[in-house]
Amino acid sequence: MFRAIAILLLVLAAGGPAFAEDGQESAVRSLLEADRWKEALALAREQDDLDDAESGTALGEALFRAGELLEANTVLSGIVERHDPPPVRAMVQLGLLRLAEGDAGTGTELLRSALELSPDDPYVLFRAAGAAGGADRVMDALNRYIELAGDSDPDRVEAARGTIRFLKEIGDRETWIQSARPDNATLALRKVPGRGGEVRGFILKAVLGERKKPVRILLDTGSPGLFLDDRIARKHGMEPVSEETVFGGGGAGRHLSSLGILSRLEAGAVGFRDVLATTSAARLDPAASFQGLIGLDPFVGYIVTLDLARGALHLESPPAAGNLWSGEGWSQGARYWTISGQFLVEARDAAGAGGLFILDTGAARSLVSENFVAKVGGEVLRGEGLVRGFGGLRPESALVRGVDLRFQSLVGNFRELVMADLSLRSRLSGVEISGFIGLDILAGQVIRIDTLTRQVFVKDRGRQP
């Protein structure tokens, strides 16, 4: 189902180090490399001639970093269509955007063309290596990137080295091969209760590897693939492959993890073999309510309905024709993007300020970034270490008042929200992440996800499916 090499997309969607260049766009790019994306975007918008190939490309890059993906698409598509040949950077950034939209064919073609045109450009090497071809070609591109990058960005260099270690072990091996794919299936979800009646999560049961006893897995739309407690993975016969550094989450924000392959995963009527998993030495849930996390990646190709009111995950094959969303009570739908494995949707404050948020059934509480709070003028109150993420508590988290978060017809009614610093996650993703939409908004709702057209539909509040 997935080539093992696809893991590169979790790494290579991020930005890379700066190298000297000439032209009016250089100041914009210098600001982007310094992670001063607000200033970069403001400067890029001031350019006199945005039809100019390089100026327009710089604006597209700044829009992408700021999370303005719809406008970035308009700008970059225009540049690529109007210029022959188009700027290599425009091809790269538009290629990454196409991958985020789910158009793997066009995205890969753009990235591969850019790599062929500029095989020794560090900017291109880092972002486009995953489109180079087989594992050997990808490793060649990443090794060349590491050679040119030097000590300019240790986090990204370590990410590239981790990918090389992984590919040396696994090569072009296929993973997540579907062994049982019914046209329709329903997986039961069990609610995990929290304090004061809140919902901490939803668990499904899956049989892993060599054992018959099922494992409790948290449905976590905010995570790519499968994460497991290390003890559980070893107990179920995981074949170790390599180690990598996982960025983000709690604690120090950098976590050494192991990658490995399990012989099978079966959840209800759906089954896979040669399942790639990431493990954590730290227990994923201190309360031991669950022993792993699974995202939506394994269910790509289905229409996925999260019935968080009744506790069910429905999988349907897409209809051959007709409009699945013509029924009464559904929202008009909204696009979603997948960047660095993150399920991103647009959400807004009541005053209209928007941003990209992770649609996250693995988060009990919604969260907003420090940058988003500054944009909407929320009032920071108090508290540290209020939120637990992958790897531990977020030490910089605090409470904030005055942010009224809403997604489609779903409205948060909070007197206080949690705020955290998401700058590392945003920098390594290459796009501004404004927060997480958690179960305090999503629990009790019905959400339908079209994994082919990359759209999300919400059942209107108070309606029944």
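Student: Okay, S5 and S6: how do these strands pair, and over how many bridges?
Tutor: Strand S5 (residues 190–193) and strand S6 (residues 199–208) run antiparallel to each other and share four bridges. Strands here are DSSP E runs of at least two residues and helices are H or I runs of at least four, both numbered from the N terminus. Two strands pair if DSSP finds at least two bridges between them. Keep in mind that this is a predicted model, where local features need pLDDT of at least 70 and side-chain atom pairs count only at pLDDT 80 or more, while totals for chains, interfaces and linings use all residues. Residues are numbered from 1 along each chain as its sequence is written, and side-chain values use heavy atoms, with hydrogens and water left out.

Student: Which residue in S6 is the bridge partner of Val192?
Tutor: Gly201 is the partner of Val192. S5 and S6 make a hairpin with five residues between them, and in the turn Gly196 has a positive phi of about 60°.

Student: Which residues have a positive phi without being a glycine?
Tutor: Asp35 is one of them, at about 65°, and Arg454 is another, at about 60°. Most residues other than glycine have a negative phi, and most peptide bonds are trans.

Student: Where do Asp35 and Arg454 lie?
Tutor: Asp35 is in the loop between H1 and H2, and Arg454 is in the loop between strand S28 (446–450) and strand S29 (455–458).

Student: Buried or exposed, that Arg454?
Tutor: Arg454 counts as buried, at 13% relative accessibility. The cut-offs are under 20% relative accessible area for buried and over 50% for exposed, with partly exposed in between (1.4 Å probe, protein chains only). Asp35 is partly exposed at 25%.

Student: And where's the cis peptide bond?
Tutor: A cis bond joins Asp84 and Pro85, with omega about 0°. Pro85 sits in the loop between helix H4 (69–82) and H5.

Student: Switching to the core. How many residues are in the largest nonpolar core?
Tutor: That core has 131 residues, and Leu226, Leu265 and Val368 have the most contacts inside it. Helix H5 (residues 88–101) gives the largest share, nine residues. A nonpolar core here means buried Ala, Val, Leu, Ile, Met, Phe, Trp, Tyr and Cys residues joined through side-chain atoms within 4.5 Å.

Student: What does Val368 touch?
Tutor: Leaving out residues up to four places away in sequence, Val368 touches a list of residues including Phe357, Val400, Leu405, Met419 and Gly435. Contact means heavy atoms within 4.5 Å. There's also a second, separate core of seven residues, including Ile203, Leu218, Phe227 and Phe290.

Student: Which residues of helix H2 are buried?
Tutor: In H2 (residues 37–45) they are Trp37, Ala40, Leu41 and Ala44. Looking down the axis of H2, these buried residues fall within an arc of 95°, so they line one face of the helix. That arc is taken from the directions from the helix axis to the C-beta atoms. The buried residues of H2 pack against helix H1 (26–33), helix H3 (53–66) and helix H11 (370–376).

Student: How many aromatic pairs are there?
Tutor: The count comes to four. In one of them, Tyr336 and Phe343 are stacked, 4.2 Å centre to centre with 10° between the planes. Phe357 and Phe372 have ring centres 5.2 Å apart and planes at 85°, so that pair is edge-to-face. It links distant parts of the chain, with Phe357 in strand S18 (residues 354–359) and Phe372 in helix H11, 15 residues apart. The rule is that rings of Phe, Tyr and Trp (its six-membered ring) pair if their centres lie within 6.5 Å; planes under 30 degrees apart are stacked, over 60 edge-to-face, and the rest tilted.

Student: How buried are Phe357 and Phe372?
Tutor: Phe357 is buried with a relative accessible area of 0%, and Phe372 is buried at 1%.

Student: Which ring does the charged end of Arg89 sit over?
Tutor: The ring of Tyr123, 3.8 Å from its centre. Arg181 has its charged end over the ring of Tyr302, 4.0 Å from the centre. To count, NZ of Lys or CZ of Arg must be within 6 Å of the ring centre and within 35 degrees of the ring normal.
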